[in-house]
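User: I'd like to learn how to read a model like this one, feature by feature. Can we go through it together?

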Amino acid sequence: MAERKKQRLATIVGANITAQRRLMGWNQAEFAERLGIGADSLSRIERGLVAPRFPRLEQMAALLECPVYELFQTQEDRERAAAGSATPASLSSLDLSSLDLSTRREVMLMAEKIIQLMRS
């Protein structure tokens, strides 16, 4: 794989890890501790400077309660999978951290359905 493609993939994975970690309501130090790594190492992963190996990806996905493949998805992939539904920026900036993970996911799903209905 070309170096540029590897770097792009590491950036995508890092951004998805960051997003899922925030969805869980953890800061970098908390998540790094759960992983048994330093916060500086996690920071390099999240910034796409270092690509984690598969065993670490599996550990991260388990802690983040998501399948490993979701860590590799681009926004475009998610939009295609959702048949054109997109989350507006204002919705993604809401602070849902006080809600448990299941409730947060349900709120986001309901919001996407409302957006789809309004576009119809």
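This is a predicted model: local features need pLDDT of at least 70, side-chain atom pairs count only at pLDDT 80 or more; totals for chains, interfaces and linings use all residues.

User: Let's start with a single residue. Is Glu-65 buried, partly exposed or exposed?

Analyst: For burial, you look at the relative accessible area and see which band it falls in. Values under 20% count as buried and values over 50% as exposed, with partly exposed in between. Glu-65 has a relative accessible area of 47%, so Glu-65 is partly exposed.

User: Where does Glu-65 sit in the chain?

Analyst: Glu-65 is in the loop between helix H4 (54-64) and helix H5 (75-81). The backbone there is worth a look too: just after H4, Glu-65 takes a positive phi of about 55°.

User: And which residues does Glu-65 contact, leaving aside its neighbours within four places in sequence?

Analyst: Those partners are Met-24, Leu-101 and Arg-105. Take Met-24: the C-alpha atoms of Glu-65 and Met-24 are 8.8 Å apart, while 41 residues separate the two along the chain.

User: Let me zoom out. How many helices and strands does the protein chain have?

Analyst: Seven helices and zero strands. Written along the sequence, the pattern is α-α-α-α-α-α-α. Of the 120 residues in the protein chain, 32% are buried. Then there's the question of how far along the sequence the contacts reach. Taking contacts with a separation of 6 or more, 62% are between residues 24 or more positions apart.

User: How do I read which side of a helix is buried?

Analyst: Now try H4. The buried residues there are Leu-57, Met-60, Ala-61 and Leu-64. They cover an arc of only 100° around the axis, which puts them on the same side of H4. On the other side of H4, Pro-55, Glu-58 and Ala-62 are exposed.

User: Which residues are buried in helix H2?

Analyst: In H2, residues 28-35, you'll find Phe-31, Ala-32 and Leu-35 buried. Looking down the axis of H2, the buried residues fall within an arc of 100°, so they line one face of the helix.

User: What should I check at the ends of H2?

Analyst: At the start, look for a side chain reaching a backbone nitrogen. Here a side-chain oxygen of Asn-27 comes to within 3.0 Å of the backbone nitrogen of Ala-29. At the other end, check phi: Gly-36 follows H2 and has a positive phi, near 80°.

User: Next, helix packing. At what angle do H2 and H4 pack?

Analyst: For a helix pair, read the crossing angle together with the distance between the axes. H2 and H4 pack at an angle of about 120°, with their axes 10 Å apart. They are therefore oblique to each other, and their crossing is right-handed. Phe-31, Arg-34 and Leu-35 of H2 make the contact with Arg-56, Gln-59, Met-60, Leu-63 and Leu-64 of H4.

User: What about H2 and H3: at what angle do their axes cross?

Analyst: The axes of H2 and helix H3 (residues 39-46) cross at roughly 105° and come within 8 Å. That makes H2 roughly perpendicular to H3. On the H2 side, Gln-28, Ala-29, Phe-31, Ala-32 and Leu-35 meet Ala-39, Leu-42, Ser-43 and Glu-46 in H3.

Key. Residues are numbered from 1 along each chain as its sequence is written. Side-chain values use heavy atoms; hydrogens and water are left out. Helices (H or I, at least four residues) and strands (E, at least two) are DSSP runs, numbered from the N terminus. Buried means under 20% relative accessible area, exposed over 50%, partly exposed in between (1.4 Å probe, protein chains only). Contact means heavy atoms within 4.5 Å. The arc is that of the directions from the helix axis to the C-beta atoms. A polar contact is a pair of N or O atoms within 3.5 Å; within protein, one must be able to donate a hydrogen and the other to accept it, and residues adjacent in sequence count only if both atoms are side-chain atoms. Axes are lines fitted to C-alpha atoms, for helices over the stretch in contact, and angles run from 0 to 180 degrees between N-to-C directions. Angles under 35 degrees count as roughly parallel, over 145 as roughly antiparallel, 65 to 115 as roughly perpendicular and the rest as oblique. A crossing is left-handed if the near helix is turned anticlockwise from the far one by less than a right angle, and right-handed if clockwise.
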